[in-house]
Amino acid sequence: MASSAAHPAFPSRSNAFGKLPERPLATFGTSTNQQRGDLQRAERERERIERENREREEQNQLSEEQKEEIKEAFYLFDLDKDLKIDYHELKVAMKALGFDLPKAEILSILQTHGAPSSPPNPNVPHHPRLLLSFRDFQSVMTQRILARDPREEILRAFELFDEGGKGKINLNDLRRVARELGEGLEEEELAAMIEEFDMDSDGAINREEFLEICMQ
């Protein structure tokens, strides 16, 4: 039997293919963390796109007049013109649009949609306030306007006519509103409007009659 020395030994795996690289366990952890971070960024991007699409669809349901009212309210009450509004500015802007909310609800909106203010000077102590950008204000107001009962809108209009809160719109009310709007309506035309919609013949239009007119 030939000696084993006559045949070269099979090379070991490390000799034949080179030494396999040693990969520290920490490398696997880093790779996993990076993948997790990539997934989280992708998820945030997906949520952002979905949110923007939803906001765009909601805004398309508003009339041009409603969109303009939201814009005017924001820029009118952005008193320091920093393109952001704080608690007090938000409260009066929403009230101008017909939403007179309690303090707790205003704060909830800011906590959900707002962002803390940046210090004007990093060397000076700063107490951050929550501020709302125009885009976030537009989104909040769009959702609230779309969710509002149309009857509320009609009754708000009724209150503008009903001077003194009588619960009725009479000829004097119509005359005043026509004058404020610059409408040159004759007395007979105003009286005819009352007569046409005055179902109980009391010489005035009450809330129920006004709702029925507007909901037709």
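Contact here means heavy atoms within 4.5 Å.

Quick word on what we're looking at. This is a predicted model, where local features need pLDDT of at least 70 and side-chain atom pairs count only at pLDDT 80 or more, while totals for chains, interfaces and linings use all residues. Residues are numbered from 1 along each chain as its sequence is written, and side-chain values use heavy atoms, with hydrogens and water left out.

The protein chain has ten helices and five strands. Of the chain's 216 residues, 24% count as buried. Buried is under 20% relative accessible area, exposed is over 50%, and partly exposed is in between, using a 1.4 Å probe and protein chains only. And if you take contacts with a separation of 6 or more, 48% of them join residues 24 or more positions apart.

Back to our pair. How do you describe two packed helices? You give the angle between their axes and the distance between the axes. For α8 (residues 171–180) and α9 (residues 187–197), the angle is about 125° and the axes are 10 Å apart. The axes are lines fitted to C-alpha atoms, for helices over the stretch in contact, and angles run from 0 to 180 degrees between N-to-C directions. So α8 and α9 are oblique to each other; under 35 degrees would be roughly parallel, over 145 roughly antiparallel, 65 to 115 roughly perpendicular, and the rest is oblique.

Now stay in α8, where D173 sits. Is D173 buried or exposed? Its relative accessible area is 3%, so D173 is buried. The D173 side chain makes a polar contact with the side chain of K166, at 2.9 Å. A polar contact is a pair of N or O atoms within 3.5 Å; within protein, one must be able to donate a hydrogen and the other to accept it, and residues adjacent in sequence count only if both atoms are side-chain atoms. Not counting residues up to four places away in sequence, D173 touches F161, D162, E163, K166 and K168.

Next stop, N206, in strand β5. With 15% relative accessibility, N206 counts as buried. Leaving out neighbours within four places in sequence, N206 is in contact with F158, G167, K168 and D200. Its C-alpha is 9.3 Å from that of D162, which is 44 residues away along the chain. At the start of α10, a side-chain oxygen of N206 comes within 3.2 Å of the backbone nitrogen of E208.

In α10 itself (residues 207–215), E209, F210 and L211 are buried. Their cover includes α7 (150–161), β4 (168–169), α9 and β5 (205–206).

Last, two loop residues. L83 lies between α3 (64–77) and β1 (84–85), and has a positive phi of about 65° although it is not a glycine. L83 is exposed, at 52% relative accessible area. S201, in the loop between α9 and β5, also isn't a glycine and has a positive phi, near 55°. S201 counts as exposed too, at 63% relative accessibility.

Note on methods. Helix = DSSP H or I, 4+ residues; strand = E, 2+ residues; numbered from the N terminus.
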